[in-house]
Amino acid sequence: MILSVAPTRLSRRTLPFLICLLIVKTGGMLWLRQLAQRSGQHTYSYVGEDYPRAWPIPMARPVLMPLENTHRYMFDNPESDQEWAAMTPRNGIIHLGEQRRPFSISMFHQLRCISLLRKEMVSAQKTGVVKPESQLNQHCINYMRQMLFCAADPVLDTVLGPQSRPTVTPEFFECKDWQLVYDEVEKNQRESSPG
């Protein structure tokens with residue numbers, strides 16, 4: 001048994017409408033492609049608002065980072081401050097454009113905030129003086145909260161133990177290659193250094 005479908009007749013208005021729609025869609029796609037190509041070629045002055053939202057450095061494929069306990073980056077031991085400071089070379093500040101405009105890389109801003117909050121907790125533990133109302137503490141807590149939302153990670157972490165006191169044990173994370181960021185920052189800071 002062979003099934004056949006009878007061709008449908010298009011109304012006099014339908015065919016021209018479909019042709020116009022096809023032309024508009026094709027033109028729109030070509031315009032968006034050109035716009036994307038031009039925005040990739042834009043050179044920024046780094047004056048006022050004329051700078052890219054993200055530093056246009058080459059980023060490779062993601063890297064895997066296992067979650068592991070470490071003996072480094074402790075809360076408070078003799079090497080803690082040095083280890084945390086080493087994660088943000090020259091505070092992670094780079095200089096861009098002819099005017100050498102300073103910028104902070106978000107990754108380094110976040111690391112500085114964690115270190116600041118760590119130091120505040122150590123100080124409160126040693127002195128008994130808690131400064132939760134500090135503007136810098138408030139800035140860091142709010143900034144970290146916003147960055148966690150911004151980088152919302154849907155990876156599932158295994159939960160062990162009772163739900164009232166769960167132990168969450170992620171195995172690994174897929175991350176952007178932070179070593180590339182360090183390499184580019186080092187290169188920028190070397191090139192931006194006076195003398």
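How many salt bridges does a search of the whole structure find? I got four, counting a side-chain nitrogen of Lys or Arg within 4 Å of a carboxyl oxygen of Asp or Glu.

Ground rules for my notes: this is a predicted model, where local features need pLDDT of at least 70, side-chain atom pairs count only at pLDDT 80 or more, and totals for chains, interfaces and linings use all residues. Residues are numbered from 1 along each chain as its sequence is written, and side-chain values use heavy atoms, with hydrogens and water left out.

Entry, glutamate 83. I looked up its partner and found arginine 72, with the closest N and O atoms 3.4 Å apart. Glutamate 83 sits in helix α2 (residues 80-86) and arginine 72 in the loop between β1 (63-66) and α2, so the bridge ties together parts 11 residues apart in sequence. For elements I use DSSP runs, numbered from the N terminus: helices are H or I, at least four residues, and strands are E, at least two.

Entry, burial of that pair. Glutamate 83 is buried at 14% relative accessible area, while arginine 72 is partly exposed at 45%. My cut-offs: buried is under 20%, exposed over 50%, partly exposed in between (1.4 Å probe, protein chains only).

Entry, arginine 118. I found a salt bridge to aspartate 81, closest N and O atoms 2.8 Å apart. Arginine 118 lies in helix α3 and aspartate 81 in helix α2, so this pair links parts 37 residues apart in sequence. Arginine 118 comes out buried at 6%, and aspartate 81 partly exposed at 43%.
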